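Me: I'd like to go through this model with you and ask where the labels come from. Can you show it first?

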Amino acid sequence: MSDSCIFCKIVRGEIPSKTVHEDDDFFVFHDIRPIAPVHFLVIPKRHVESLAHFEASDSDLIGRMLLLGARLAPAQGLSGGFRTMINTGKGGGQEVFHVHAHIFGGGDALPKT
Ligand code: 5GP
Ligand code: ZN
């Protein structure tokens, strides 16, 4: 947990969010500035700065984080598929330094990458 991290504050309920799912290890909520009709974030409750800050012993947690996004997507309206994005570090476009997987899609086809 980090006192100043906004995502830790969301986990603690100090900042409101549109919650999709919560369990012992993860918190899932809608992005405040969606880039697609459906756009939510999957975060571990434990404060880890970025994907690059995980340890090898976190492999199971990382796998479950991605799987959880996939499991929740259909009920959020993404039964036709979705995109998963993890921005890592300033050079990777990361703005909130608590690791998160973006899950988004819906509406028109997403641009090819
Ligand atoms: P990043 O650029 O770090 O990968 O993405 C951070 C995401 O967090 C952005 O898409 C941004 O809209 C979202 N975000 C930032 N602050 C808040 C907030 O207070 N609440 C919610 N729900 N999303 C936030
Ligand atoms: Zn945090």
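Reply: Two ground rules before we start. This is a predicted model, where local features need pLDDT of at least 70, side-chain atom pairs count only at pLDDT 80 or more, and totals for chains, interfaces and linings use all residues. Residues are numbered from 1 along each chain as its sequence is written, chains are lettered from A and ligands numbered from 1 in the order written, and side-chain values use heavy atoms, leaving out hydrogens and water.

Me: Which atoms coordinate the zinc ion (ligand 2)?

Reply: Cys5 (SG), Cys8 (SG), His47 (ND1) and His98 (ND1), at 2.0 to 2.3 Å. Donors are N, O and S atoms within 2.8 Å of the metal (3.2 Å for Na, K and Ca), and water is not among the atoms, so sites may look incomplete. Along the sequence, the donor residues run C-x2-C-x38-H-x50-H.

Me: What makes the arrangement around the zinc ion (ligand 2) tetrahedral?

Reply: Four donors count as tetrahedral if all angles lie between 85 and 135 degrees. The angles here are 106 to 117 degrees, so the zinc ion (ligand 2) gets that label. For reference, the ideal tetrahedral angle is 109.5 degrees.

Me: Why does Cys5 count as buried?

Reply: Buried means under 20% relative accessible area, exposed over 50%, and partly exposed in between (1.4 Å probe, protein chains only). Cys5 has 9% relative accessibility, so Cys5 counts as buried. Cys8, at 0%, therefore counts as buried too.

Me: How do you know that strand E5 is mostly covered?

Reply: Five of the five residues in E5 (residues 101–105) are buried. Strands (E, at least two residues) are DSSP runs, numbered from the N terminus. On one side of E5 sit Ala101, Ile103 and Gly105, with His102 and Phe104 on the other, and all are buried.

Me: How do you know what E5 pairs with?

Reply: Two strands pair if DSSP finds at least two bridges between them. E3 (residues 38–44) and E5 have five bridges, in the antiparallel sense, with His39 bridged to Phe104 of E5. E4 (residues 83–85) and E5 are also antiparallel, over three bridges, and there Thr84 has Ile103 as its partner.

Notes:
Four donors count as tetrahedral if all angles lie between 85 and 135 degrees; four count as square planar and six as octahedral if opposite donors are over 155 degrees apart and all others between 65 and 115; anything else is irregular. Helices (H or I, at least four residues) and strands (E, at least two) are DSSP runs, numbered from the N terminus.
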